[in-house]
Amino acid sequence: MYSKDQASQIRQAFWTAFGQYISPQPSADGLKINWINYKTGIRHLFFKMSTDNRSATIAVEFSHPDTDIRALFYEQFLELKRLFTDQMQEEWDWQPDHMDLYGKHTTRISKTVHNVSIFRKDDWPALISFFKPRIIALDEFWSTAQYSFEIFK
């Protein structure tokens, strides 16, 4: 078991290592990008990567407070589901109403891998291998699809 400070240091070390590993990778548009804090250009829309002592998840989350706007956003994403799935080259979990750890409702599209831990350094290559191709594929998808979401800006 790790203290809060130790756990925080391990998390920071992992995300720093991941950031250094992926930083040479340009975006789909050929630009330098902050992969860990990906900017979608749409308020309330986030590409999130998270990991803990049991799993790792990458997700597209839309957290607008208005339920109807979240539903409209989800419908727009459903229109692009085939493009999304083709780009990701795998099925993701689609949730029109997801509640996060803080009780906030979001629309969420995610992929999770289990039995990996940020606290086992031997798992870091597996975590990096999970996150890297998916965040790059998300960027490639977003490079094309973002124009369909202009209404949400």
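Which residue in strand 4 stands opposite alanine 56?

Mentor: Valine 113 stands there. First, some ground rules. This is a predicted model: local features need pLDDT of at least 70, side-chain atom pairs count only at pLDDT 80 or more, and totals for chains, interfaces and linings use all residues. Residues are numbered from 1 along each chain as its sequence is written, and side-chain values use heavy atoms, with hydrogens and water left out.

Now the strand pair. Strand 2 covers residues 55-62 and strand 4 covers residues 105-114. They run antiparallel, joined by 8 bridges. Two strands count as paired if DSSP finds at least two bridges between them. Strands themselves are DSSP runs (E, at least two residues), helices are runs too (H or I, at least four), and both are numbered from the N terminus. Another bridge in this pair links glutamate 61 to arginine 108 of strand 4.

Look at the other side of strand 2. Strand 1 pairs with strand 2 over 7 bridges, again antiparallel. One of the links is lysine 48 with alanine 59 of strand 2. A hairpin of 3 residues joins strand 1 to strand 2.

Angles run from 0 to 180 degrees between N-to-C directions, and axes are lines fitted to C-alpha atoms, for helices over the stretch in contact.

Is strand 2 covered or open? It is mostly covered, with 8 of its 8 residues buried. Buried means under 20% relative accessible area, exposed means over 50%, and partly exposed lies in between (1.4 Å probe, protein chains only). In a regular strand the side chains alternate between the two faces of the sheet. Here both faces are covered. Ser55, Thr57, Ala59 and Glu61 are buried on one side. Ala56, Ile58, Val60 and Phe62 are buried on the other.

Next, the loops beside the sheet. Most residues other than glycine have a negative phi. Histidine 44 has a positive one, near 75 degrees. This residue sits in the loop between helix 1 (4-22) and strand 1. Histidine 44 is buried, at 19% relative accessible area. Asparagine 115 also has a positive phi, near 65 degrees. Its place is the loop between strand 4 and helix 4. Asparagine 115 is exposed, at 68% relative accessibility.

Helix 3 (residues 81-88) packs against helix 4 (residues 124-145) at about 145 degrees, with the axes 9 Å apart. Helix 3 contributes Leu83, Phe84, Gln87 and Met88 to the contact. Helix 4 contributes Arg134, Ala137, Leu138, Glu140, Phe141 and Thr144. Contact means heavy atoms within 4.5 Å. By class, the contact has 6 nonpolar, 2 polar and 2 charged residues. Ala, Val, Leu, Ile, Met, Phe, Trp, Tyr, Cys and Pro count as nonpolar, Asp, Glu, Lys and Arg as charged, and the others, Gly among them, as polar.

One more residue of helix 3 is threonine 85. Threonine 85 is buried, with a relative accessible area of 15%. Leaving aside neighbours within four places in sequence, threonine 85 is in contact with Glu90 and Glu91.
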